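Please keep the sequence and the structure in view while reading.

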Amino acid sequence: MTKATNNRKQSKKHSKASKKSKIVRILIILGLLANLAFAGALIVSAYAGAINPQQSGFATILNITLPLWLVLNVLNLIFDIFFSRRLIVIPIIAIAICISPILNFCPINITAKGVNSNEKDISFKVLTYNVMNFIDNEGKYSGDINRTIS
């Protein structure tokens with residue numbers, strides 16, 4: 001074989017490796033952008049519940065999407081564990097930032113005291129939507145009655 005033939009073979013190998021590395025770089029950048037988008041959406045939707053619904057109805061709707069963004073971040077975290085371990089930091093930080101709203105949405109009551117058998121017969125559970133303790137400040141009703149609830 002001549003020197004020119006060897007150079008062509010090495011050139012083909014190098015161009016294949018170069019194309020592969022470009023594809024890998026593009027996939028890593030797309031993964032980074034997806035991680036940042038999901039993390040940003042989780043943070044925004046988690047804290048959108050602190051905005052008064054009378055000021056922005058969109059924030060209320062965005063807050064309702066919190067479970068969707070939480071599931072997408074967890075799935076993204078699992079995907080990152082297998083394919084790009086450097087990117088697992090982004091969903092972990094996003095979940096850590098949003099841990100308080102997440103626990104408000106789906107509380108974990110590990111140390112909650114259970115009811116005994118006597119209390120169980122006369123008790124009931126109420127599931128409500130948490131409205132972030134918005135109060136009626138107009139003061140139209142006496143006795144601290146919230147006109148929104150009454």
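## Basis of the description

Helices (H or I, at least four residues) and strands (E, at least two) are taken as DSSP runs and numbered from the N terminus. The model is predicted, so that local features need pLDDT of at least 70 and side-chain atom pairs count only at pLDDT 80 or more, whereas totals for chains, interfaces and linings use all residues. Residues are numbered from 1 along each chain as its sequence is written, and side-chain values use heavy atoms, with hydrogens and water left out.

## Overall fold

The chain contains six helices and zero strands, and its pattern, read along the sequence, is α-α-α-α-α-α. Of its 150 residues, 18% count as buried, where buried means under 20% relative accessible area, exposed means over 50%, and partly exposed lies in between (1.4 Å probe, protein chains only).

The accessible surface of the chain comes to about 12,300 Å², and 65% of this belongs to carbon and sulfur atoms; the areas come from the Shrake-Rupley method with a 1.4 Å probe, and for residues only the protein chains shown count as cover. Among contacts (heavy atoms within 4.5 Å) with a separation of 6 or more, residues 24 or more positions apart account for 62%.

## The largest nonpolar core

A nonpolar core is a set of buried Ala, Val, Leu, Ile, Met, Phe, Trp, Tyr and Cys residues joined through side-chain atoms within 4.5 Å. The largest one here has 11 residues, namely A39, L42, A46, L66, L70, L87, I90, A94, I95, C98 and I102. Helix 1, helix 3 and helix 4 (89-97) are the elements that give two or more residues to this core. In soluble globular proteins, nonpolar side chains tend to be buried together.

Leaving aside neighbours within four places in sequence, L42 is in contact with L66, W69, L70, N73, A94, I95 and C98. The C-alpha atoms of L42 and N73, although 31 residues apart along the chain, are separated by 7.7 Å.

In helix 4, the residues I90, P91, A94 and I95 are buried, and they cover an arc of only 125° around the axis, which puts them on the same side of helix 4; the arc is that of the directions from the helix axis to the C-beta atoms. With neighbours within four places in sequence left aside, I90 is in contact with L32, N35, L36 and A39. L32 lies in helix 1 and is partly exposed, with a relative accessible area of 33%.

P91, which is found in helix 4, is buried with a relative accessible area of 0%. Not counting residues up to four places away in sequence, P91 touches N35, N73, L77 and D80.

Helix 3 has 18 residues and reaches 25 Å from its first C-alpha to its last, close to the 26 Å expected at 1.5 Å a residue, the expected span being 1.5 Å times one less than the number of residues. The residues L66, L70, N73, N76, L77 and D80 of helix 3 are buried; seen down the axis, the buried residues of helix 3 fall within an arc of 125°, so they line one face of the helix. On the other side of helix 3, L75, F82 and F83 are exposed.

## Aromatic pairs

A search of the whole structure finds two aromatic pairs. Rings of Phe, Tyr and Trp (its six-membered ring) pair if their centres lie within 6.5 Å, and planes under 30 degrees apart count as stacked, over 60 as edge-to-face and the rest as tilted. F38 and W69 form a tilted pair, at 6.2 Å centre to centre and with 45° between the planes. Because F38 lies in helix 1 (residues 3-47) and W69 in helix 3 (residues 66-83), this pair ties together parts that are 31 residues apart in sequence. F38 is partly exposed at a relative accessible area of 25%, and W69 is partly exposed at 21%.

F79 and F83 form a tilted pair, with 4.6 Å centre to centre and 40° between the planes. Both F79 and F83 lie in helix 3, four residues apart, about one turn of the helix. F79 counts as partly exposed at 48% relative accessibility, whereas F83 counts as exposed at 63%.
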